[in-house]
Amino acid sequence: MSRIWAGIDSGKGHHHGLALDAEGNTRLSRRVVNDEPELLQLIGDVLGMAAGDEVTWAIDITGGEPALLLALLIAHGQKVLYIPGRLVNRASDGYRGEGKTDARDAYVIADQARMRRDLRPINFGDEATLELKLLTGRRTDLVEDRTRTVNRLRGSLLSLFPALERDLDITYVGPLKLLTGYQTPAAIRRTGITRLAKWLANRKVKNSRSLAERAVEAAKRQQTSVPAEKTIAQLVRTLAEEVIAFNERIGEIDGLIEERFRSHELADIVQSLPGIGAVLGAEFLAAVGGNLDGFASPDALAAFAGVAPAPRDSGKVSGNLHRPSQYHRRLQRVFYTSALVSIRCDPNSRQFYDRKRAEGKRHVQAVLALARRRVNVLWALIRDRRCYEVAPPAVAPA
């Protein structure tokens, strides 16, 4: 028996590969350049050690730096386990020595893969699933950047024109368009309601008259100019333009996500569950790898999504449950957000939520309980290859 466990410590320009045998002895330890010939040589040498037996690979990053290596492992039909970097750091404390090197990290990764049975294999999925993963990841980055820019815009506008910041919701297009042309109270007062409403209407802002009236009313309440008003106004204008640009880019990527999502074989089933649209559905498929083959039961999927409570009992204390510390953050967001939406649009979800509230659960607890219930529902829908119906289908008598 020549079974081999190979650990990869990923890097930008180089990876460190280390292979262990069944007894934990190091059979290979090598630093390789992140180029195809060197990576192929590493894969070939490790496979040669196994002499036809199974090789299990383990890695601490699932995208970005090791993308080429993972693609090569896919092409060679290899099994790859994912070990989170936090787990590797904690496990390192149990090994001899205090130094930190790439070789040591690769050894820890390989040895943990050899000993542990709870590591999840990386589900590479098909081409469409990989595209969804990339697109949803990019969308998340854009949304986070937009949120930071909106917060900066709020802060700048608050220092310049507190009444306008208070009266307008600058996450909407109309107020943002207003701020690209007018920022100071004096400028808005000089323009007046009629001209400002016309200016907004020419830029296709809805309810332009109402928006102009609120802006002018706020301007009348502030007659004083703040220090460095001109500079702050320029910053407000620039930030408003940036938020509009982010909105346009997010809209474009939403279109790409919807196009790729609808081409997936499970799209109709996933989207039939109330509260799940194209974006959340795409994030779900990207998180699970395009199918549920990696989850033996709904309980496993719920644990992976972080909607199944974990026990924290000790001594005489029992029944103490808490949220798990290791789970897929985006997948939890899918189930939690869709559960929130379903309360408003699905009578079954609303009935379940109201029952949990009547039992004394707080709002967040009731939504999490609903999210956990929806894991079971979605699991059954995908297993049976059928779409969700508000009323359960009639069962034919035996």
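This is a predicted model: local features need pLDDT of at least 70, side-chain atom pairs count only at pLDDT 80 or more; totals for chains, interfaces and linings use all residues.
1. Arg-237 comes out as partly exposed, with a relative accessible area of 37%. Its salt-bridge partner is Glu-241, and the closest N and O atoms of the pair sit 3.3 Å apart. Both residues belong to helix α10, four residues apart, or about one turn of the helix. Glu-241 is partly exposed too, at 38%.

2. Helix α10 (residues 229-262) also has a helix partner: its axis and that of α5 (residues 127-160) come within 9 Å and cross at roughly 160°. Angles over 145 degrees count as roughly antiparallel, so that is how α5 runs relative to α10. The crossing of the two is left-handed. Sorted by class, the α5 contact with α10 has 20 nonpolar, 11 charged and five polar residues.

3. Arg-154 is partly exposed at 28% relative accessibility, whereas Glu-165 is buried at 17%.

4. Helix α15 (residues 347-358) holds both Asp-354 and Arg-350, four residues apart, about one turn of the helix. They form a salt bridge, with 3.3 Å between the closest N and O atoms. Asp-354 is partly exposed at 36%, and Arg-350 is partly exposed at 37%.

5. For the overall tally, searching the whole structure turns up 20 salt bridges.

Definitions and conventions:
Residues are numbered from 1 along each chain as its sequence is written. Side-chain values use heavy atoms; hydrogens and water are left out. Axes are lines fitted to C-alpha atoms, for helices over the stretch in contact, and angles run from 0 to 180 degrees between N-to-C directions. Angles under 35 degrees count as roughly parallel, over 145 as roughly antiparallel, 65 to 115 as roughly perpendicular and the rest as oblique. A crossing is left-handed if the near helix is turned anticlockwise from the far one by less than a right angle, and right-handed if clockwise. Ala, Val, Leu, Ile, Met, Phe, Trp, Tyr, Cys and Pro count as nonpolar, Asp, Glu, Lys and Arg as charged, and the others, Gly among them, as polar. A salt bridge is a side-chain nitrogen of Lys or Arg within 4 Å of a carboxyl oxygen of Asp or Glu. Buried means under 20% relative accessible area, exposed over 50%, partly exposed in between (1.4 Å probe, protein chains only).
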